[in-house]
Amino acid sequence: MTTVQFNVPTREEVAPVNQAIFDNLQKALSFVPNLYATIAYSENGLARFLAYQNAKTSLSNKEKEAVNLIVSQVNECIYCQSAHLVIGKMNGFTDEQLTDIRKGKSENPKLNALVNLAADITKNRGNASDDHVNAFFEQGYTTENLVDLILQVSDKTAMNYLHNLTKVPVDFPLAPSL
């Protein structure tokens with residue numbers, strides 16, 4: 001059986017609409033992340049995904065990063081774990097806090113409830129224990145936050161699955177090796 005090799009497409013290999021997005025990413029980030037470039041195999045996929053990923057949410061950037069990191073940990077996605085360790089630090093997490101989140105916990109009770117529920121939702125494909133759901137609400141989260149949490153889990157799961165299948169190289173600057 002032959003294993004399919006996925007190459008990261010270059011700017012010249014993607015549709016013109018994606019070339020423009022590559023240019024914008026290059027300006028904003030100084031590079032085009034390999035996983036975003038891989039989405040550009042789909043003429044419409046990259047724009048659609050970025051719009052979804054960048055949509056407004058009731059979760060703070062720090063909460064989103066905690067969710068992104070625990071979901072990537074549960075889904076065993078090295079690419080996204082590497083990226084969200086870097087982005088987590090940019091959002092004010094310490095190395096110790098990021099290690100705790102990867103272990104499914106936080107010293108902050110509100111963040112702990114969020115991380116536990118996100119992990120449970122991910123492990124159980126949308127199902128979660130009543131204890132985790134109740135703890136989430138007891139920490140002051142709302143049904144709006146719950147919906148946004150599920151949308152964040154789905155965003156990150158899509159990226160995790162894409163990397164786990166394609167295994168494109170991790171290219172995030174300053175990413176720790178995992």
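This is a predicted model: local features need pLDDT of at least 70, side-chain atom pairs count only at pLDDT 80 or more; totals for chains, interfaces and linings use all residues.
Helices in this text are DSSP runs of H or I with at least four residues, numbered from the N terminus.

**Helix H1**

- Helix H1 covers residues 16-29, which makes 14 residues, and it reaches 20 Å from its first C-alpha to its last, close to the 20 Å expected at 1.5 Å a residue.
- The buried residues of H1 are Asn18, Gln19, Ile21, Phe22 and Leu25, and because they fall within an arc of 160 degrees when seen down the axis of H1, they line one face of the helix.
- An α-helix has 3.6 residues a turn, so residues three or four places apart point the same way.
- On the face of H1 turned away from its buried side lie the exposed residues Pro16, Lys27 and Ala28, whereas the buried residues of H1 pack against helix H2 (34-39) and helix H3 (45-53).
- Following H1 comes serine 30, whose phi is positive, near 70 degrees.

**Helices H5 and H9**

- Two packed helices are described by the angle between their axes and the distance between the axes.
- For helix H5 (residues 78-90) and helix H9 (residues 143-166), the axes come within 8 Å and cross at roughly 130 degrees, and H5 and H9 are therefore oblique to each other.
- The contact is made by Tyr79, Cys80 and His84 on the side of H5, and by Lys156, Met159, Asn160 and His163 on the side of H9.
- Sorted by class, the contact of H5 with H9 has three nonpolar, three polar and one charged residues.

Methods. Residues are numbered from 1 along each chain as its sequence is written. Side-chain values use heavy atoms; hydrogens and water are left out. Helices (H or I, at least four residues) and strands (E, at least two) are DSSP runs, numbered from the N terminus. The expected span of a helix is 1.5 Å times one less than its number of residues. Buried means under 20% relative accessible area, exposed over 50%, partly exposed in between (1.4 Å probe, protein chains only). The arc is that of the directions from the helix axis to the C-beta atoms. Contact means heavy atoms within 4.5 Å. Axes are lines fitted to C-alpha atoms, for helices over the stretch in contact, and angles run from 0 to 180 degrees between N-to-C directions. Angles under 35 degrees count as roughly parallel, over 145 as roughly antiparallel, 65 to 115 as roughly perpendicular and the rest as oblique. Ala, Val, Leu, Ile, Met, Phe, Trp, Tyr, Cys and Pro count as nonpolar, Asp, Glu, Lys and Arg as charged, and the others, Gly among them, as polar.
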